[in-house]
Amino acid sequence: MPLVQHGPRDKPRVALTFDADLTALMRKRLVSGKVKSYYNEKLIDELRAMHVPATLFLTGMWMEQYPDVTRQLAADPLFELGTHTYDHRGFTKHCYTLGTVPRADMLSDVRRAVVLLDRLDPHPTRWFRFPGGCYDGTALHELAPAGVTAVGLDVPGADGFAKGPEPIVKQVLSNVRNGSIVVLHMHGGDNAPYTAEAIGPIVKTLRARGYQLVTITELMRG
Ligand SMILES: [Zn+2]
């Protein structure tokens, strides 16, 4: 399957991307009331207020949990939507604590998310992101028929389990350059609690440095 890690390095453009994880364990925490929401609405409001185009990678389980939100995001011209597998399991044997999708199930897992996206988004993209950024030759081979392009990153935003907004802002601003793809998260809750607080300073500083913020589609258009 095709794979992109960053855009052209000769133009001052940066793509901010936001993943919406939802695992079986996270859904349990949601159902039990331990976590109120895995939709960081405050973050999306910030992006809208600052008119920031962004690419959002949604897990199938997240789309099932938030179908109306998914439709609203799809209808917003600022955003484009891609997929992030069905339930955020890993595509290599050892991908943090995410577990592993058996080789025989890889293609159907990704297709399941694509079908959900197609149902909710009238103009879905075929951008795809591996959970935890984990993949190998086997995964790329198995997923070739899925018709999706894997979108990697060159700037991990480090907002997962951050203790405050400052480390996120610093991490992004000190690593970003022409053509960068920045990964942050839009599920909020206990897993990414400070992304909304970090995004304002990140966007303002990037724009002050002369970067244009674009979607992955615009970035790769060259
Ligand atoms: Zn993820």
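Trainee: What kind of model is it, and how are residues numbered?
Mentor: It is a predicted model, in which local features need pLDDT of at least 70 and side-chain atom pairs count only at pLDDT 80 or more, while totals for chains, interfaces and linings use all residues. Residues are numbered from 1 along each chain as its sequence is written, and side-chain values use heavy atoms, with hydrogens and water left out.

Trainee: Which protein donors does the zinc ion have?
Mentor: Asp 21 through OD, and His 84 and His 88 each through NE2, lie 2.1 to 2.2 Å from the zinc ion. Donors here are N, O and S atoms within 2.8 Å of the metal (3.2 Å for Na, K and Ca), and since water is not among the atoms, sites may look incomplete. Along the chain the donors follow the spacing D-x62-H-x3-H.

Trainee: Where do Asp 21 and His 84 lie?
Mentor: Asp 21 is in the loop between strand S2 (13–20) and helix H1 (24–31), and His 84 is in the loop between strand S4 (79–83) and helix H5 (106–120), so the pair ties together parts that are 63 residues apart in sequence. Helices (H or I, at least four residues) and strands (E, at least two) are DSSP runs, numbered from the N terminus.

Trainee: Buried or exposed, those two?
Mentor: Asp 21 is buried at a relative accessible area of 8%, and His 84 is buried as well, at 1%. Buried means under 20% relative accessible area, exposed over 50%, and partly exposed in between, with a 1.4 Å probe and protein chains only.

Trainee: Switching to S2, how many of its residues are buried?
Mentor: Eight of the eight are buried, so S2 is largely enclosed by the rest of the structure. In a regular strand the side chains alternate between the two faces of the sheet. In S2 both faces are covered, with Arg 13, Ala 15, Thr 17 and Asp 19 on one side and Val 14, Leu 16, Phe 18 and Ala 20 on the other.

Trainee: Which strands does S2 pair with?
Mentor: S2 runs parallel to S9 (residues 212–214) with three bridges, to S8 (residues 181–185) with five and to S3 (residues 54–58) with four; two strands pair if DSSP finds at least two bridges between them. Val 14 stands opposite Leu 213 in S9, whereas Thr 17 faces Val 183 in S8 and has Thr 55 as its bridge partner in S3.

Trainee: And what does Ala 15 touch?
Mentor: Ala 15, which has a relative accessible area of 0%, touches residues including Ser 180, Ile 181, Val 214 and Leu 219, not counting residues up to four places away in sequence. Contact means heavy atoms within 4.5 Å.

Trainee: What about helices H7 and H8, how do they cross?
Mentor: The axes of H7 (residues 165–175) and H8 (residues 195–208) come within 8 Å and cross at roughly 35°; axes are lines fitted to C-alpha atoms, for helices over the stretch in contact, and angles run from 0 to 180 degrees between N-to-C directions. Among the residues that meet there are Ile 168 and Val 172 of H7 and Ala 198 and Ile 202 of H8.

Trainee: Last one: where is Asn 191?
Mentor: Asn 191 lies in the loop between S8 and H8 and is buried at 14% relative accessibility. Leaving aside neighbours within four places in sequence, Asn 191 is in contact with Met 26, Tyr 38, Asp 159, Gly 160 and Phe 161.
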